[in-house]
Amino acid sequence: DAQMRGQLLDELQLETDLRAALTRHELVLHYQPLLDLRSGRLEGFEALVRWRHPVRGWCLPDAFVGLAEATGLMPALGGFVLTEALRQLARWRAESAGAGRLLLHVNVSGRQLQQADFGGLLLRVLQQTGVPPAHLALELTESVLLEPSAALDHALRTVRGLGVKLCMDDFGTGYSSLAG
């Protein structure tokens, strides 16, 4: 029907726009501070991707991450986020002595983790930026861990072998909901 056709055309346009956004520098990272609640001390940041769409305005990840997963764009999107976030942390470390202890959290999708060269990409970006692996934490949703596979197991072992931290993101809001 007309409504379904309109929705399909909208999704196709959004996919086309997202492909272009990756080359037109429309994706921007924002950094949410992570504080120690007892001391009030800044512990680090979580990198959050936003899309500055030329027509739709600012788009939150809910509007495009699922699309990136479904269309195979997640490795490019995730690679961009990881690279830009570590470059920013390296700049902070160079500009401020106190930034040397900061921890950077970056969300990673299951599909991104299981791409053939994820470990190689991670190692290259860490080496290029000079950020110690112990200062990076990759956040995974619990749904990633509910679908175990040999590729995922290998990727997680590789990440841990590099010395990068792994964290559960949004635990208690999905499959392990603490509500109700």
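Author: What follows is a conversation about a predicted model, moving from its core to its surface.

Reader: Let's start inside, then: how many residues does the largest nonpolar core have, and which have the most contacts inside it?

Author: The largest nonpolar core has 43 residues, and those with the most contacts inside it are Leu82, Val106, Leu113, Leu122, Leu136 and Leu138. Helix α3, which covers residues 74-95, gives the largest share of this core, with eight residues.

Reader: And what is leucine 122 in contact with, leaving aside its neighbours within four places in sequence?

Author: With those neighbours left aside, leucine 122 is in contact with Leu82, Leu136, Leu138, Val159, Leu162 and Val164.

Reader: Now histidine 105: where is it found, and is it buried or exposed?

Author: Histidine 105 is found in strand β4, which spans residues 103-107. Its relative accessibility is 11%, and because buried means under 20%, histidine 105 counts as buried.

Reader: Which side chain does the side chain of histidine 105 make a polar contact with?

Author: The partner is the side chain of glutamate 139, and the distance of this polar contact is 2.7 Å. Beyond its neighbours within four places in sequence, histidine 105 is in contact with Leu34, Phe45, Glu46, Ala47, Ala137, Glu139 and Cys167.

Reader: Cysteine 167 is in that list, so to speak; where does it lie, and what is it in contact with?

Author: Cysteine 167 lies in strand β6, and, leaving aside its neighbours within four places in sequence, it is in contact with His105, Ala137, Leu138, Glu139 and Leu140. At 25% relative accessibility, cysteine 167 counts as partly exposed.

Reader: What about methionine 168, which strand is it found in?

Author: Methionine 168 is found in strand β6, residues 165-169, and its relative accessibility of 37% makes it count as partly exposed. Apart from its neighbours within four places in sequence, methionine 168 is in contact with Leu140, Thr141, Glu142 and Leu145.

Reader: How far apart in space are methionine 168 and glutamate 84?

Author: From C-alpha to C-alpha, methionine 168 and glutamate 84 are 22 Å apart in space, and they are 84 residues apart in sequence.

Reader: Changing topic to charges: how many salt bridges does the structure hold?

Author: The structure holds eight salt bridges. One of them pairs the side chains of glutamate 69 and arginine 111, at 3.7 Å from N to O. This pair links distant parts of the chain, with glutamate 69 in helix α2 (residues 65-71) and arginine 111 in helix α4 (residues 110-113), 42 residues apart. Arginine 111 counts as partly exposed, at 48% relative accessibility.

Reader: And which side chain does aspartate 117 meet in a salt bridge?

Author: Aspartate 117 meets the side chain of arginine 124, at 3.0 Å from N to O. Aspartate 117 counts as partly exposed at 39% relative accessibility, and arginine 124 counts as partly exposed at 39%.

Reader: How about glutamate 43 and arginine 41?

Author: Their side chains meet in a salt bridge of 3.5 Å, N to O. Glutamate 43 is partly exposed, with a relative accessible area of 30%, and arginine 41 counts as partly exposed at 41% relative accessibility.

Reader: Where is the place of histidine 25, and what is its phi?

Author: Histidine 25 has its place in the loop between α1 and β1 (27-35), and its phi is near 60°, a positive value in a residue other than glycine. Most residues other than glycine have a negative phi. At 62% relative accessibility, histidine 25 counts as exposed, because exposed means over 50%.

Reader: Last one: what is tryptophan 58 in contact with?

Author: Tryptophan 58, which is found in strand β3 (residues 57-59), is in contact with Val28, His30, Arg50, Trp51 and Arg52, leaving aside its neighbours within four places in sequence. Tryptophan 58 and glycine 163 are 35 Å apart in space, C-alpha to C-alpha, and 105 residues apart in sequence.

Notes
Residues are numbered from 1 along each chain as its sequence is written. This is a predicted model: local features need pLDDT of at least 70, side-chain atom pairs count only at pLDDT 80 or more; totals for chains, interfaces and linings use all residues. Side-chain values use heavy atoms; hydrogens and water are left out. Helices (H or I, at least four residues) and strands (E, at least two) are DSSP runs, numbered from the N terminus. Buried means under 20% relative accessible area, exposed over 50%, partly exposed in between (1.4 Å probe, protein chains only). A polar contact is a pair of N or O atoms within 3.5 Å; within protein, one must be able to donate a hydrogen and the other to accept it, and residues adjacent in sequence count only if both atoms are side-chain atoms. Contact means heavy atoms within 4.5 Å. A nonpolar core is a set of buried Ala, Val, Leu, Ile, Met, Phe, Trp, Tyr and Cys residues joined through side-chain atoms within 4.5 Å. A salt bridge is a side-chain nitrogen of Lys or Arg within 4 Å of a carboxyl oxygen of Asp or Glu.
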